[in-house]
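Colleague: I would like to go through this two-chain complex with you. Can we take it one question at a time?

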Amino acid sequence: MIRRRDLLLRAASLSSAALLAGRRTVEAGPRRPPVPDDPTKVLGAPPSELGHRSPFEPLGRRVKRRLPSGESETPLQDLRGIITPSDLHFERHHAGVPAIDPERYRLLVHGMVERPTVFTLADLERFPSRSQICFIECSGNGGPGYREISTESTPQQVDGLTSTSNWTGVPLAILFREVGVKPAATWFLAEGQDAAVMTRSIPVSKGWDDAMIAYAQNGEALRPEQGYPARLLLPGWEGNTQVKWLRRIEVADRPFMTKEETSKYTDPLPDCTARMFSFEMDAKSIITFPAYPAVLPQRGWWEIAGLAWSGRGRITAVDVSTDGGRSWARADLDEPVLPKCHTRFRYLWNWKGAESVLMSRATDETGYVQPTLEQLVAVRGAGTNYHLNNIRSWKVHRDGRVFFGLAPS
Amino acid sequence: MMRPAAALVVAASVLTLACAGGGEPPSEGRSSGSPAPARPFGAAEHARSASEALPSRFGFGRAATDAEVKTWDIDVMPDGTGLPPGRGTVAEGAVIYAAQCAVCHGPDGRGAEYDSLVGRDPDQGFPFGKDPALLEKRTIGNYWPYATTLYDYIYRAMPQAVPGSLTPDEVYSLVAYLLFLNRIVPENAVMTAQTLPRVEMPARHRFVEDNRRGGPEIR
C-alpha cells in the first residue's frame, strides 16, 4: 500500500527522487538499510541457498480483502518486462489456499470417457510437457477503477489482478486422448481441492485447443496460491475458470451450471438479459509509468511504459495519447510479443511541463480495439461489472504529480 | 521433478512407446480410434525433428474405481443428475439456517458479512445491467437461474467454517427454506431429488450466450 506519507516525502524531495521516480523505494531515515560508505572496501556476503530482494526494494502485493475469499494485487507499477515474479502473482481465492501433500495428490478424470482414470502428480509430470508464457487475469480486474473511483489509485489498485508467468504442464488434449474422451462430449467440469471445492464448466473444445494441466510456474513448482500442485490453465480466459488445486475433471454433454457461472461471473446487459460463459478476456492496456503515485521531478524526456494483453491472441498495436485522446501515436512493443500474454509497450515522451492526460489503447490480432468507457457502457449498461477493459487514463499535473482518472477533465 | 512413483508406470508404458519408431510412421501395433490429431498441442513444428510420434495412449495413471468416482462426484446438474436420496422441509431448514447460516448471511437471509440470499426486488424486468446500484441486490430469488445450483453449492462448500459438513437431508431443508424465503416455493414444500429440479426460478430464461467474438465490434 502506498501511503500518503510516502507521496508527501517524495513531493518534498523531488530532485533526489529523480532516478527512482515512479517506483516505490525505502524511505529516507533511520529505517533505511545500512550499507558501507564504499562497498569496494568491505568484503561482500557469501553465496546462499535462496536469493533475496535488495532491502531497498520493498515489493509487495496489496491485500485488498484479508479473507479466505479475498484477493491481493500485483504491483504493476513496480515491475519491468512481462514476467510477474511468482511471489507477486495476484491472488483471488474462493475459500483460502489449501495445503496439499503432492504425494497424496490425485486427479480423477471421468464421465464421458472410455477409461475413467486417476493420475498422480508423477503421472502428470511423465506426460509430454509444454511451456507457455501467458497472462491470467481475474474477470473482475478493473472493476474498482469504474465503481470506486479515486484519483489516488495505483496501477496495482486499478488493474493488479493480472499476472504473467511461464507455465509448464501437460496439454489437456493429451490427457483427453489418454482417457478416451467420447466424441459426443461438449463440456467438462473442473473441480478444485480447496474448501470451496471450486467448480466451473468448460467447453471440451478448449481442452483440445490450448488448455493445460500446469504444475510449474516460472521454472519451479506452482506456488500454493496459484494452485499447487496442479491447476487448470486456459490461456486467455478469465482467471476463475482456470481452477486451481485441480482434483477432478468430469466430461459431459452439457454445462453443469455451478454457482460461479450463474450467480457470479455472469454479465448483466441493458436488454435485461445476462451473458453467461464470457470466457475470453478482451484486449486491454494500462500505463504503469508514469502513474500514481509517481512524480515527474522535471520536464523533459520520459519513457511512458505499460502493459497490453488480449485473451484472443497477440497484441498488434498500442497507441498512446498524451493529450487526453485528441491525438494518438504508435508505441513501441518490446519483444517477445506473445499470444494471450502481457506485452510491454514503451513511448518516449518529451514533457513540456503542461498538464497532460496520458492514455493507452491496445489493438489485438482480431482487429479489436480497446474501447472507451462510454463505448462499453453503451453496449453493456451502467450496471456492468466484470470484463471492464476500457481505456484508462492518468493526469500529469504541472507540479509533476500523477493521478488516476477515467476521463480527461 | 520426476518422482519415484513415476517409475512404477514405466513398465505399463513401454509397450506403447516401443510401437512408435524414431520419426517413422506409426507401426501397425498402434491402437487406432483416437478422436484427435497425433499432435494435438500445437508444438508440431518444434517437435518434428527429434521427438517420436505420440502413441495413442501412454498408459500412465490407473483405472479409477467406482468407489473413488462416487466419493468425489458430488456435482448436481439442472436436470437433477447427481442429486442424492433424501428430503427436506422449510421448517427444518429454518432451524438449520439459524444455527449454521445466519451469522454470515443475516437472520433473515438479507445479507450480513456475506451475500444477501433473499429478496425479489427488483422483481420485474431483470434490470441489473442498467444500474450499478443493483449489483449488490442480486439474490437467489431475482438472479439465480437454477434451483439445483443451490443444492450443489451448499453441499460442497457451506458453511464456510466447516465446509461440506451438512447431510443431504440438511441441504434439502436449507434449499427448501431459502426458496421459501424468496417466495419461490410454498411453506409446505418438500425438497427431494424429484421435486428440486422441477422448481422454476424467476431468472431462469434471462441468461444468454456470450456473443463477443473479437474483431472491431464492441460487445
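Modeller: B:A161 is exposed, because 11 other C-beta atoms lie within 10 Å. The cut-offs are these: buried means 20 or more other C-beta atoms within 10 Å of a residue's own, exposed means 12 or fewer, partly exposed is in between, and C-beta atoms are placed from the backbone. This is a predicted model, in which local features need pLDDT of at least 70, side-chain atom pairs count only at pLDDT 80 or more, and totals for chains, interfaces and linings use all residues. Residues are numbered from 1 along each chain as its sequence is written, and chains are lettered from A and ligands numbered from 1 in the order in which they are written.

Colleague: Where is the place of B:A161?

Modeller: Helices (H or I, at least four residues) and strands (E, at least two) are DSSP runs, numbered from the N terminus. B:A161 is 17 residues from B:L178 in sequence and 20 Å from B:L178 in space, C-alpha to C-alpha. Its place is the loop between α7 (148–157) and α8 (168–181) of chain B.

Colleague: Which pattern does chain B follow along the sequence?

Modeller: Chain B has eight helices and four strands. Of its 219 residues, 31% count as buried. Along the sequence, the pattern is α-α-α-β-α-β-α-α-α-α-β-β.

Colleague: Which residue of β4(B) stands opposite A:M276?

Modeller: Strands pair if DSSP finds at least two bridges between them. Three bridges join β15(A) to strand β4 (residues 207–209) of chain B, and the two run parallel. Opposite A:M276 stands B:E209.

Colleague: What is the order of the strands in the open sheet of chain A?

Modeller: Five strands form this sheet, with antiparallel pairing. The edge strands, each pairing on one side only, are β19 (329–330) and β24 (402–405) of chain A. The order is β19-β18-β22-β23-β24.

Colleague: What is the bridge partner of A:A317 in β22(A)?

Modeller: Strand β18 (residues 315–321) and strand β22 (residues 356–364) of chain A run antiparallel. Six bridges join them. In β22(A), the partner of A:A317 is A:T363.

Colleague: Which residue takes a positive phi in the hairpin of β8(A) and β9(A)?

Modeller: Strand β8 (residues 187–192) of chain A and β9(A) pair in the antiparallel sense over five bridges. One of the bridge pairs is A:E191 with A:T199. Strand β9 (residues 199–203) of chain A is mostly covered, with four of its five residues buried. The hairpin has six residues between the strands, and the one with a positive phi, near 40 degrees, is A:V197.

Colleague: How many Å separate the centres of domain 1 and domain 2 of chain A?

Modeller: The assignment gives domain 1 (106–271) and domain 2 (284–405) of chain A, and such bounds come from an automatic or database domain assignment. In chain A, 25 residues of domain 1 are in contact with 25 residues of domain 2. Taken over C-alpha atoms, the separation of the centres is 28 Å.

How values were computed
Two residues are in contact if their C-beta atoms, placed from the backbone, lie within 7 Å.
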